[in-house]
Amino acid sequence: MKGNYKSVTSPESLSMALTPLDIAAILGISRNTAYELVHSKDFPAFRVGKQYRVSKTRFLAWLDGENVA
């Protein structure tokens with residue numbers, strides 16, 4: 001995967017609010033795919049102005065297959 005992505009070593013090292021680029025790095029997907037995911041109906045993203053963020057807690061629950069919407 002190309003891009004300037006952060007390395008994620010553990011859930012504890014994540015910020016409280018994740019960006020689409022954080023999501024891309026964690027899941028090993030492209031930036032565009034991360035934005036598609038953020039815009040999907042069942043993904044727990046929220047907007048801050050024009051930017052998208054995802055709560056770390058809700059993202060980890062989503063990753064574990066829990067219903068967070």
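This is a predicted model: local features need pLDDT of at least 70, side-chain atom pairs count only at pLDDT 80 or more; totals for chains, interfaces and linings use all residues.

**The core and what surrounds it**

Author: The largest nonpolar core has nine residues in all: Leu 14, Leu 18, Ile 23, Leu 37, Val 38, Phe 43, Tyr 52, Val 54 and Phe 59. A nonpolar core here is a set of buried Ala, Val, Leu, Ile, Met, Phe, Trp, Tyr and Cys residues joined through side-chain atoms within 4.5 Å. Buried means under 20% relative accessible area, exposed over 50%, and partly exposed in between, with a 1.4 Å probe and protein chains only.

Reader: Which elements each supply at least two residues of this core?

Author: Helix 2 (31-39) and strand 3 do. Helices (H or I, at least four residues) and strands (E, at least two) are DSSP runs, numbered from the N terminus.

Reader: Fine. What is the order of elements from the N terminus on?

Author: The elements run β-α-α-β-β-α. That comes to three helices and three strands. The protein has 69 residues, of which 28% count as buried.

Reader: How are the strands arranged in the sheet?

Author: The three strands form an open sheet in the order 1-3-2, with antiparallel pairing. Strand 1 (17-18) and strand 2 (45-48) stand at the edges, each with a single partner strand, so one side of each has no neighbour in the sheet. Two strands count as paired if DSSP finds at least two bridges between them.

Reader: How many bridges join strand 1 to strand 3?

Author: Two, and strand 3 covers residues 51-55. Leu 18 stands opposite Val 54 there.

Reader: And how many join strand 2 to strand 3?

Author: Four, also with the strands running antiparallel. One example is Phe 46, whose bridge partner in strand 3 is Arg 53.

Reader: What about the hairpin of strand 2 and strand 3?

Author: There are two residues between the strands, and Gly 49 takes a positive phi near 65 degrees.

Reader: Back to Val 54. What does Val 54 touch?

Author: Leaving out residues up to four places away in sequence, Val 54 touches Met 16, Ala 17, Leu 18, Ile 23, Phe 43, Pro 44, Ala 45, Phe 46 and Phe 59. Contact means heavy atoms within 4.5 Å.

Reader: Now helix 2. Which residues of helix 2 are buried?

Author: Ala 34, Leu 37 and Val 38. They cover an arc of only 100 degrees around the axis, which puts them on the same side of helix 2. The arc is that of the directions from the helix axis to the C-beta atoms.

Reader: What covers the buried residues of helix 2?

Author: The cover includes helix 1 (20-27), strand 2, strand 3 and helix 3. The face turned away from the buried side of helix 2 carries the exposed residues Asn 32 and Glu 36.

Reader: Switching to aromatics. How many aromatic pairs are there?

Author: Three. Phe 43 and Phe 59 form an edge-to-face pair, 6.2 Å centre to centre with 65 degrees between the planes. Rings of Phe, Tyr and Trp (its six-membered ring) pair if their centres lie within 6.5 Å; planes under 30 degrees apart count as stacked, over 60 as edge-to-face and the rest as tilted.

Reader: Where do Phe 43 and Phe 59 sit in the chain?

Author: Phe 43 is in the loop between helix 2 and strand 2, Phe 59 is in helix 3, and they are 16 residues apart. The rings of Phe 59 and Trp 62 have centres 5.9 Å apart and planes at 25 degrees, so that pair is stacked. Phe 43, Phe 59 and Trp 62 form one aromatic cluster.

Reader: Is Trp 62 buried, partly exposed or exposed?

Author: Partly exposed, at 25% relative accessibility. Phe 59 is buried at 0%, and Phe 43 is buried at 5%.

Reader: Last one: Lys 56. Buried or exposed?

Author: Buried, at 16% relative accessibility. Lys 56 is found in helix 3 (residues 56-63).

Methods:
Residues are numbered from 1 along each chain as its sequence is written. Side-chain values use heavy atoms; hydrogens and water are left out.
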